[in-house]
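Try each task before you read its solution.

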Amino acid sequence: MAQGEPEPVLAVHGEEEEKKEGGEGPELAPAPGGVGLQENVQGLKQELFQEDDDDDSCSDYGSRDKSGTILGRIVPDGNLLFPDTFQTNHLLFYERFKAYQDYILADCKASEVKEFTAEYLEKVLEPSGWQATWRTNVFEVLVEVVDVEYSTLKAVVRLSEPFLCDSQVSTFTLECMQELLELKKHQLPVQELWVVFDESGEFDQTALAIEHVRFFYQHIWRSWDEEDEDDFDYFVRCVEPRLRLHYDILEDRVPSGLIADYHNLLSQCEALYRKFINLRSGISSSDSDSEAENVSMVEGLKLYDEIEHLKQKLKLIENPLLRYVFGYQKHTGLQAKGSRPMGTKITHVVSSTIMASLLQSLLREKLCPETCDEELEIQFHSDPLTAVSACYEGDTVIICPGRYVVDGMFCIADSIELEGYGLPDDIVIEKRGKGDNFVDCTGANIRISSLKLVQHDAVEGILSVHHGKTTLENCVLQCETTGVTVRTSAELLMKNSDLYGAKGAGVEIYPGSTCTLLGNGIHHCKEGILIKDFLDEHYDSPKITMVNNVIHNNEGYGVVLVKPTVSSDVKDIAVKNSEGNIQTIQSNGETDNVEDLGHEELHECATDELELHERAEISEQTEGNYEIANELVATSVKKSQMHKKRLSELGITEADDNLMSQEMFVSIVGNQFKRNGKGSFGTFLF
């Protein structure tokens, strides 16, 4: 969607929206034209859930006296003899949210979900007299509902007359289907039934109720939910974040790689959970204390740990506030071309049109400099995306002033140089069209300079460094979602650049990466810099250098460290700071040494709460340097201590202290923090 266009009614739950505590519904922004979305959705709500003061038992579920249906219909694609069914699978987020929050689940526990759902169905479901299509993966058959077993969420059915069945195989005859129903005692799960369309409106609530149950067990409920914390916050803890994730995926608000990871994690967790349940039932049914049972118990504990690890990852993706904190390892599949067969290197010049004076300057300064002994081979392009795609190892792309609109993404797998000829504001590359990243870098040594990248309608960040080293110098980055991401094992040098507008973090630093930030402006983002140190503890801590950056006017913190809660057996760890002084920038811009930490030992105790170091004698602009250095070193040493402990448990008593005692940062000096909403630095523990 282009900037300035109104968002659809469905997009009321984007990740930029503040999540309300206590399970309250999202606030809706006014729509263009003077009519508020709140009034529109409220009117829809009143139609779907009209109150009836004369009957309290049905007050939340609509008036039975209203004539005419408010629902659409679906015409069957296959057997034309089948009747139409109600269209209920296109409900808005708000409709499902209110139904689960106010009418079905309320404040129930996970163990009470089935009971609460049964009570809801008993209030709104017509007990008999309606037809439905029974759908499975193999066949569809028309049935008539004669009763409802609310406690089991099943309907008692019989075959409709005349008999209608649609199947890819011819074995499902009338006799075969009657026999199948007898085996099921004529009871079918309500979520397998699609209510036949009726214009009277009498069965609207029946169709909606079944849709809510079907959607819940297909997209919300997990097999292990009942075994998790059985508190009265199941809706807030599980239902709401999973519902939001589902609609974010529908609206293309989640990167394709993260969606694939989520479904893969779900499949893994379901398979391991089934294996765990079978193993546990086998142990519980045996009274022997045999060696085989002891082995099974050990295997069960391992399975349990694996399941808990996967569940934590799922929860992070489901939580709209933590979804991008978790991230994912994107497999781009990019292959470097390498050098040209003849070993030549080409300079690519990008310009839609070029003036003679500009061409002369370009020839004099870039293409035919006096110091150049070799004659350059030059190719001209009108599109920067085409130029980058034509590059081999060692090529250079020079982009002349102009505004270039590209519909696609830059995938840079070779070591090339991409530079603008002029000031960044004069060389603008603008991204149009939906997609994931704008620029993906996997080359061993990539250099990008003097460009302005503008991102629109994005799903992921503006630039990601997946492998190798990328140098970003004298650039302007106008972001939309997240900004620059430095993935595990990748390296970024960002120098004298300006980054702003990210709805997530301006810069995301993953475990095991190297990030050097020198003299940049990072501002007007959700968070300035997000440092990730979590979950996969076998990764090394990121190596971070931050010198003379100005981090200001961000909504949250200037810098946030995300890390897991450290186990209670790791306490009172001595922390060694890096050599050198921590410098501060005074309000007049001069640099003074205010403290020499040297090898001073700092003691940190791991807690479950957010801890911010308060230093009243240091101004807001400069206190972040001390806080970041203190916390990052503490985290690095805690991690190495935990690693040593694991090695000890495996019988490895000697470890490389020099390797494991490397601190997380190389240098954090002279950074200014101004007007950040929550302060200069914060630690988030989960």
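Buried means under 20% relative accessible area, exposed means over 50%, and partly exposed is in between (1.4 Å probe, protein chains only). The model is predicted, so local features need pLDDT of at least 70 and side-chain atom pairs count only at pLDDT 80 or more, while totals for chains, interfaces and linings use all residues. Residues are numbered from 1 along each chain as its sequence is written, and side-chain values use heavy atoms, with hydrogens and water left out.

**Exercise 1. A helix pair**

Task: describe how helix 2 packs against helix 6, and find which residues meet.

Solution. Two packed helices are described by the angle between their axes and the distance between the axes. Axes are lines fitted to C-alpha atoms, for helices over the stretch in contact, and angles run from 0 to 180 degrees between N-to-C directions.

Step one: helix 2 (residues 93-104) and helix 6 (residues 234-250) pack at about 165 degrees, and their axes are 11 Å apart.

Step two: apply the angle classes, in which under 35 degrees is roughly parallel, over 145 roughly antiparallel, 65 to 115 roughly perpendicular and the rest oblique. Helix 2 and helix 6 are therefore roughly antiparallel to each other.

Step three: list the contacts, meaning heavy atoms within 4.5 Å. On the helix 2 side are F93, R96, F97, Y100 and Q101, and they meet F235, V239, E240, L243, R244 and Y247 of helix 6. These contact residues divide into seven nonpolar, one polar and three charged. Here Ala, Val, Leu, Ile, Met, Phe, Trp, Tyr, Cys and Pro count as nonpolar, Asp, Glu, Lys and Arg as charged, and the others, Gly among them, as polar.

**Exercise 2. Aromatic pairs**

Task: how many aromatic pairs does a search of the whole structure find, and which parts does the pair of F139 and F172 tie together?

Solution. Rings of Phe, Tyr and Trp (its six-membered ring) pair if their centres lie within 6.5 Å; planes under 30 degrees apart count as stacked, over 60 as edge-to-face and the rest as tilted. The search finds 14 aromatic pairs.

F139 and F172 form a tilted pair, 4.9 Å centre to centre with 45 degrees between the planes. F139 lies in strand 4 (residues 139-149) and F172 in the loop between strand 6 (165-167) and helix 4 (174-183), so the pair ties together parts that are 33 residues apart in sequence. Both F139 and F172 are buried.

F276 and Y304 also make a tilted pair, at 6.1 Å centre to centre and 45 degrees between the planes. This pair links distant parts of the chain, with F276 in helix 7 (residues 256-284) and Y304 in helix 8 (residues 291-318), 28 residues apart. F276 is buried at 11% relative accessible area, whereas Y304 is partly exposed at 41%.

Finally, look for a cluster: ring pairs link Y100, F216, Y217, W221 and Y234.

**Exercise 3. Around L303**

Task: is L303 buried or exposed, and which residues does L303 touch?

Solution. L303 lies in helix 8 and is buried, with a relative accessible area of 5%. Leaving out residues up to four places away in sequence, L303 touches L272, K275, F276 and L279. L303 and Y273 are 30 residues apart in sequence, yet 7.9 Å apart in space, C-alpha to C-alpha.

**Exercise 4. A peptide bond and the totals**

Task: what kind of peptide bond joins E161 and P162?

Solution. The bond is cis, with omega about 0 degrees. P162 lies in the loop between strand 5 (154-159) and strand 6.

To finish, zoom out: the protein has 13 helices and 38 strands, and buried residues make up 49% of its 686 residues.

Note on methods
Helix = DSSP H or I, 4+ residues; strand = E, 2+ residues; numbered from the N terminus.
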